[in-house]
Amino acid sequence: MAGSGGLGGGAGDLQSAGPGQGAALRAPRAPLTFVALLLGAYCLFALPGRCPPVTRAPAPVPAPAEPHHSSRRLGAPGLPVASGPGRRRFPQALIVGVKKGGTRALLEFLRLHPDVRALGSEPHFFDRCYERGLAWYRGLMPRTLDGQITMEKTPSYFVTREAPRRIHSMSPDTKLIVVVRNPVTRAISDYAQTLSKTPGLPSFRALAFRRGLGPVDTAWSAVRIGLYAQHLDNWLRYFPLSHFLFVSGERLVTDPAGEVGRVQDFLGLKRVVTDKHFYFNATKGFPCLKKAQGSGRPRCLGKSKGRPHPRVPEAVVQRLRAFYRPFNRKFYQMTGQDFGWD
């Protein structure tokens with residue numbers, strides 16, 4: 001079933017659903033308190049989160065070339081401040097999207113390059129934490145030497161309306177990387193992630209469509225993120241197309257060395273990360289990194305990556321394909337790339 005690759009059995013199975021009803025909607029009524037708790041949990045995981053609270057972090061020893069004021073920073077949980085030689089700089093390149101497209105894999109592949117220094121956690125500065133200021137943001141970045149590139153990735157930037165303007169204000173020369181994936185498969189993967197954290201959600205069909213198989217509900221973030229052409233249109237108000245590289249999430253799986261090679265070219269880096277660094281893990285269903293010299297074992301992404309998708313009826317997949325088709329074609333025209341989703 002094209003566009004829904006990796007759809008195994010599991011939660012969210014709608015095969016027994018009646019017309020216009022998701023399976024979850026035909027279950028016996030739950031007490032109102034349980035329903036309220038369930039919806040609250042869904043909102044917690046499905047909607048954009050808040051900026052993490054600020055805590056004091058030990059002040060690192062400033063490098064001689066760094067301005068004195070940058071040695072006093074406020075840290076945030078999960079965002080350790082790096083120390084060592086070099087300077088903290090604003091990122092010259094950002095992986096700005098998209099969620100469940102393959103951004104984590106790309107970041108980990110690029111971190112093999114000796115001239116790439118990347119923040120491991122997602123700082124969410126340009127969508128959630130902007131009020132903390134650019135000095136706070138720069139203080140999170142790893143130190144880099146001359147010739148090295150500073151990067152970070154936060155996939156929600158691509159769908160945040162204010163992000164392009166804010167990033168442009170930081171630096172109009174920022175290089176922007178967008179990892180895109182078949183929007184139908186991406187939506188199902190997004191739902192699978194939320195379902196793993198909030199079991200008992202309404203079915204995929206009940207969330208994707210209004211009134212059974214009525215109009216597609218673009219208010220649902222899992223659907224809305226896949227409207228790539230609309231989001232890109234907002235970005236092109238601030239950045240020329242030449243500042244973007246669009247990476248295929250599908251090719252990142254089938255040909256990781258080729259896609260990472262394109263990214264290295266885009267960043268002006270020597271092609272250091274090549275096919276010798278990858279092997280395909282049949283169990284997970286995507287590439288992993290071969291054991292590095294001096295390392296104990298190969299590196300694969302965490303258990304949350306490669307999780308099985310819930311079964312979604314073919315009728316639902318076909319309706320979503322038809323819905324996304326004009327948006328996909330516009331996106332192909334805008335980027336000059338045919339991603340082969342139709």
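This is a predicted model: local features need pLDDT of at least 70, side-chain atom pairs count only at pLDDT 80 or more; totals for chains, interfaces and linings use all residues.
Because five of the five residues of S9, which spans residues 244-248, are buried, the strand is largely enclosed by the rest of the structure; buried here refers to a relative accessible area under 20%.

Strand S9 runs parallel to strand S8 (residues 175-180), to which it is joined by five bridges, and within this pairing Val-247 of S9 is the bridge partner of Val-179. The two strands belong to an open sheet of five strands, in which the order is S5-S7-S4-S8-S9 and the pairing is parallel. Strand S5 (116-118) and S9 stand at the edges of this sheet, and each has a single partner strand, so one side of each is left without a neighbour in the sheet. From one strand to the next, the twist averages 25°.

Elsewhere in the sheet, strand S4 (residues 93-97) pairs with strand S7 (residues 149-153) in the parallel sense, over three bridges, and Ala-93 is found opposite Met-151 of S7.

Helices also lie across these strands. Helix H2, formed by residues 103-110, lies across S4, S5, S7, S8 and S9, and its direction is at about 160° to that of S4. Helix H10, formed by residues 256-266, lies across S8 and S9 and runs at about 170° to S9. Strand S9, although it stands at an edge of the sheet, thus has both H2 and H10 lying across it.

Definitions and conventions: Residues are numbered from 1 along each chain as its sequence is written. Side-chain values use heavy atoms; hydrogens and water are left out. Buried means under 20% relative accessible area, exposed over 50%, partly exposed in between (1.4 Å probe, protein chains only). Helices (H or I, at least four residues) and strands (E, at least two) are DSSP runs, numbered from the N terminus. Two strands pair if DSSP finds at least two bridges between them. Axes are lines fitted to C-alpha atoms, for helices over the stretch in contact, and angles run from 0 to 180 degrees between N-to-C directions. Contact means heavy atoms within 4.5 Å.
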